[in-house]
Amino acid sequence: MNVGDFTRLGAAAISSSVRSGETTPTEVVRAAFERARDIGAGADGLNIFLHSDEDASAEETRGLRKRLDSATDVGILAGVPVAIKDNIASLGLPTTCGSRILAGYVSPFEATAVTRLRANGALIIAKTNMDEFAMGSSTENSAFGPTRNPHDVRCVPGGSSGGSAAAVAAGITPIALGSETGGSVRQPAAFCGVVGVKPTYGRVSRYGLVAFASSLDQIGVVGRTVDDAALGLEAIAGFDKMDSTSSDADVPIYRVSALGKPAPEARAPDTEAMRIGRSPIPLPPPPDATTLKGIVIGKPKEYFPDSLDPAIKAHCERALDHFRSMGATIRDVSLPRSPLAIPVYYILAPAEASSNLARFDGVRYGLRVDPGSGLKAMYGATRSQGFGPEVTRRILLGTYVLSAGYYDAYYKKAQAVRTLIADDFRSVFTSGVHAIFTPTTPTPAFPVGAISDPYEMYLNDIFTVTANLAGVPAISVPIGRVRRLPVGGQIITAHFDEYTMFRVAYALEAALGAEAHQ
Amino acid sequence: MSRERYEMVVGLEVHVQLKTRTKAFCACSADFGAPPNVNTCPVCLALPGALPVLNEHAVELATRAALGLGCQINPISVFARKNYFYPDLPKGYQISQFDQPLATGGAVAIGKDERGTDIRVGITRVHMEEDAGKSIHDRYPGATAIDLNRAGVPLIEIVSEPDIRTSADAGAYLRTLKQILQYLDVSDVSMEEGSLRVDANISVRPPGQTKLGTKTEVKNMNSFSAVERALEAEYDRQCALIDSGGRVEQQTLLWDGGRGTVRPSRTKEGSHDYRYFPEPDLRPLILDSKWIEDTRHDLPELPDARKKRLALEYGLSSAELDQLLASPDLAEYFEAVARESKDGKGSYNWVMGEVSAALRSSDNDIRQFRVRPADLAQLLNLVRDGTISHTAGKRVFALMLETGKPAAQVASDEGLLQVGDQDAIAVWVDEVLTEHPDEAKRYLAGEKKLQGVLVGFVMKKSKGRADPKRVNQLLSARAG
């Protein structure tokens with residue numbers, strides 16, 4: 001097998017080839033680094049990786065070799081190289097969140113998701129560039145320079161998981177971990193022509209994910225294909241006692257293509273609260289997974305405004321036609337409070353961020369700038385030199401909305417509207433609709449430096465942020481190109497119904513075939 | 001004179017460290033006294049990406065405490081973040097509870113007023129929170145050292161209503177609270193080790209006025225008596241201030257025990273905006289009503305109830321019971337002895353006398369005390385039925401403590417069984433009369449008051465074995 005093969009192979013193919021002994025983990029990792037060099041992934045090129053260590057990766061492959069030789073079960077990602085967004089704690093490589101305040105910081109513990117990847121045989125080869133503390137939609141807010149879109153280096157890859165999307169789009173790894181707070185996996189996946197999934201809130205442990213807005217944050221997966229994303233999510237999903245907000249609902253097998261295996265009966269998660277002495281309620285078994293017959297797909301009118309780019313709209317219509325031809329029913333639905341999502345998000349997320357980022361105070365780790373004139377001066381100097389302008393803006397915004405006298409008018413009201421937005425989804429999904437289809441973004445990737453107005457940048461998340469507010473799972477799948485740049489379509493399903501979400505996504509990907517990149 | 005013109009109004013906020021093995025939100029040891037920063041982990045150091053997980057045992061202890069204070073347990077309570085920057089607060093916020101606390105609306109009786117009605121202090125709320133670390137300012141010149149061993153240790157905050165009217169009542173409230181918490185076994189309640197801390201809110205107003213005056217908050221008291229003294233000092237300060245035409249300013253004051261005065265704290269309370277909001281890393285705490293009822297059912301008997309019962313069962317006075325109940329373990333021991341010996345008063349005298357003295361001198365714990373309640377009860381019975389004298393009983397007790405042998409065996413081994421035999425006693429009496437001719441002569445001549453002295457000589461001669469009743473009879477007979 002040569003390097004070129006690895007840039008096209010999915011995770012499942014790499015894993016089975018490693019397990020059969022046809023390929024060695026060393027070859028796979030070497031190929032990934034070679035590809036990174038060939039495509040110019042370094043700081044002077046696409047600037048995809050913030051940290052990678054080829055020697056350490058080689059060391060890790062030797063460990064995996066031992067596991068392979070001793071014939072223990074090495075897991076579904078045996079030998080699959082994976083890149084990790086730099087706000088997810090990993091042993092061995094730094095975790096800087098794209099921020100000066102954490103430059104050089106190496107976490108002494110590892111995120112549960114990363115540990116699970118390793119347990120499944122994955123090889124962590126790099127940490128990817130991102131908007132500082134995941135605040136941004138273009139990866140231009142990284143303290144270490146912007147990442148470029150592999151499809152057009154003049155353009156942004158989207159963000160905040162821009163490095164992860166670019167790593168997969170550039171053919172370096174078939175899978176990368178990203179994180180979402182308002183669309184930070186799906187939007188860059190759409191911009192880079194790859195698949196991006198944000199699971200249900202609580203599906204993946206947040207332990208080790210550096211918090212931006214805890215009630216919205218969720219680790220997501222970027223994949224070359226739907227299958228890669230499904231495999232990646234399957235490896236990391238499930239309850240973790242280290243994260244009280246993680247769900248103990250069973251994790252079904254998401255890989256619909258590896259069919260024959262019916263999804264195990266899912267248990268309803270405990271989404272409301274930590275209870276002492278509670279009893280789970282069983283969910284109905286998922287529908288047949290081989291066809292879209294009987295599936296009802298909702299088309300929400302709020303996500304197809306007149307102002308939508310006609311080329312994107314056309315691609316969406318083509319996707320909807322494919323759904324119909326596979327036996328699905330398309331139904332017009334409404335999510336009437338979705339237009340309120342951006343203002344709600346930009347109150348709640350900064351509020352939580354202002355508190356979550358308080359720990360970066362120069363006392364215990366990371367940057368400390370001490371002018372020597374007392375504690376307050378140290379705090380002030382450290383934080384104003386450590387944080388970039390967007391992070392500073394959101395901390396100020398969040399501090400303001402939580403202040404005495406403003407809390408009710410902003411935070412409390414926004415929470416109430418958030419509940420209404422979630423209610424909209426609930427009423428659609430309880431009215432016989434299995435999945436909702438929308439464009440992932442209102443536009444394709446834009447040129448680096450093109451958007452300077454923060455509010456205009458925030459509108460990039462207009463179609464994605466509702467899934468974070470409602471906590472429902474969503475996936476972006478490539479549906480075609482607009483002016484030679486990829487665009488994505490989004491499939492949203494009910495809480496913990498990633499199974500149906502993947503089923504529809506697999507079907508769409510298969511039906512579009514090469515059209516997805518035309 | 002200000003006593004008549006101004007009424008003292010006090011509410012207390014008491015922080016109590018719960019007796020859990022581990023911290024509130026991580027698995028670190030909650031032990032006191034480890035070397036600095038040893039009991040820490042990513043969670044309580046607030047490393048990037050770490051998350052809190054609630055300690056179930058802390059919830060259990062907090063619930064017991066709240067139930068013991070007569071509170072309603074809220075089936076849903078919510079953790080909230082209290083945001084402020086300080087180097088010993090690693091996350092930059094404290095996880096606490098705010099508008100939906102664990103429990104509300106309790107009360108404790110702290111004694112009786114002149115008319116004999118209970119003085120009750122209302123409990124506004126009991127909520128759970130975590131402790132901060134410790135800043136050590138005087139160890140390294142020009143630098144502050146931080147010890148985060150305490151960061152994340154579980155606390156409850158018990159907030160009283162402004163029902164307290166005198167400093168003595170404040171002291172009584174604190175002692176009652178401490179005793180209840182000891183009985184519930186939820187905390188070490190030691191002010192020295194910082195497992196119990198008190199902040200006082202105090203204001204004054206003319207008697208009869210219902211509106212509360214402007215309050216100040218007094219901190220930094222390290223004992224209950226310091227609380228009482230601080231309240232007196234602050235009461236006097238506020239009264240004098242108003243008398244001189246001034247106004248009380250809402251502020252935080254620190255008690256200076258050395259000078260016996262309060263002084264303003266450098267950080268102005270009230271200027272803080274803690275920006276509370278629900279903690280998104282923890283789900284609301286939902287307590288099953290059956291679990292709450294089971295917890296209530298499993299509460300031990302509390303001091304008040306035990307006092308009433310013991311008064312009824314053993315006829316002890318209120319003052320005697322207060323002494324006994326000050327230590328739940330000692331009260332437990334007493335009851336076992338009393339139950340076995342069926343002698344409440346006698347058991348009380350022995351437990352508060354010999355047993356307490358032995359505990360004090362050996363610095364021993366009653367739970368490890370060598371003389372078990374059944375053994376002491378046996379000793380009581382031997383003394384009561386005259387098998388051994390009271391004097392010999394004390395010697396037997398000392399030997400039981402030393403050897404661990406039962407009372408009857410010790411008494412017989414040592415020949416301390418009481419001698420009631422007329423002849424043997426007569427011999428001792430005769431000997432004493434011979435050996436003390438002067439006293440004997442005067443006694444036989446009618447100086448009756450010398451009888452006690454002579455009985456004493458006989459008891460001494462018999463090493464306590466002679467039955468004093470018989471000795472008296474014999475002596476009276478000789479005097480004719």
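Modeller: Let's begin with helix H6 of chain A, where A:Gly162, A:Gly163, A:Ser164, A:Ala165, A:Ala166, A:Ala167, A:Val168 and A:Ala169 are buried. Please keep in mind that this is a predicted model.

Biologist: How many residues of H6(A) are buried, out of how many?
Modeller: Eight of the eight, so the helix, residues 162–169, is largely enclosed by the rest of the structure.

Biologist: Is A:Ser142 buried or exposed?
Modeller: Buried: 26 other C-beta atoms lie within 10 Å of A:Ser142. The cut-off for calling a residue buried is 20 or more, so A:Ser142 passes.

Biologist: Which residues is A:Ser142 in contact with, leaving aside its neighbours within four places in sequence?
Modeller: A:Gly98, A:Asn129, A:Met130, A:Asp131 and A:Glu132.

Biologist: How far is A:Ser142 from A:Gly223?
Modeller: Their C-alpha atoms are separated by 22 Å, and the two residues are 81 residues apart along the chain.

Biologist: Let's switch to strands. How many strands form the open sheet in chain A, and in what order?
Modeller: Eleven strands, in the order E1-E3-E2-E4-E6-E5-E11-E12-E10-E8-E9, with mixed pairing. The edges are E1 (49–52) and E9 (329–333) of chain A, each of which pairs on one side only. From one strand to the next, the twist averages 30 degrees.

Biologist: What actually holds strands together in a sheet?
Modeller: Strands pair through backbone hydrogen bonds, and they can do so either parallel or antiparallel.

Biologist: Okay, and how do E4 and E6 of chain A pair?
Modeller: E4 (residues 175–180) and E6 (residues 218–223) of chain A pair in the antiparallel sense over six bridges. For one bridge you can look up, the partner of A:Ser179 is A:Ile219 in E6(A).

Biologist: Now E11 of chain A: is this strand mostly covered, or mostly open?
Modeller: Mostly covered, since seven of the nine residues of E11(A), residues 474–482, are buried.

Biologist: How many bridges join E11(A) to E5 and to E12?
Modeller: Three bridges join E11(A) to strand E5 (residues 195–198) of chain A, and this pair is antiparallel. A:Val197 stands opposite A:Ile475 there. Eight bridges join E11(A) to strand E12 (residues 485–493) of chain A, again an antiparallel pair. In that pairing, A:Pro478 faces A:Gly488 of E12(A).

Biologist: How many residues lie between the strands in the hairpin of E11(A) and E12(A)?
Modeller: Two, and in this hairpin A:Arg483 takes a positive phi near 50 degrees.

Biologist: Which helix lies across E11(A)?
Modeller: Helix H9 (residues 310–325) of chain A, running at about 120 degrees to E11(A). H9(A) also lies across E8, E9, E10 and E12 of chain A.

Biologist: New topic, chain B. How many helices and strands does chain B have?
Modeller: Chain B has 16 helices and 16 strands. Of its 480 residues, 40% count as buried.

Biologist: At what angle do H10 and H11 of chain B cross?
Modeller: At roughly 160 degrees, with the axes of H10 (residues 373–384) and H11 (residues 390–403) of chain B coming within 10 Å. H10(B) and H11(B) are therefore roughly antiparallel to each other. The contact is made by B:Asp375, B:Leu379 and B:Val383 of H10(B) with B:His390, B:Gly393, B:Val396, B:Phe397 and B:Met400 of H11(B).

Biologist: Last one: which strands form the open sheet of three in chain B?
Modeller: The order is E5-E4-E15 in chain B, with antiparallel pairing. The edge strands are E5 (93–97) and E15 (277–278) of chain B. Five bridges join E4 (residues 79–83) of chain B to E5(B), and B:Phe79 stands opposite B:Gln97 in E5(B).

Methods: Residues numbered from 1 in each chain as written. Chains lettered and ligands numbered in written order. Predicted model: local features only at pLDDT ≥ 70, side-chain atom pairs only at ≥ 80, totals over all residues. Buried ≥ 20, exposed ≤ 12 C-beta atoms within 10 Å, placed from the backbone. Helix = DSSP H or I, 4+ residues; strand = E, 2+ residues; numbered from the N terminus. Pairing = 2+ DSSP bridges. Axes fitted to C-alpha atoms, helices over the stretch in contact; angles between N-to-C directions. Parallel < 35°, antiparallel > 145°, perpendicular 65-115°, else oblique. Contact = placed C-beta atoms within 7 Å.
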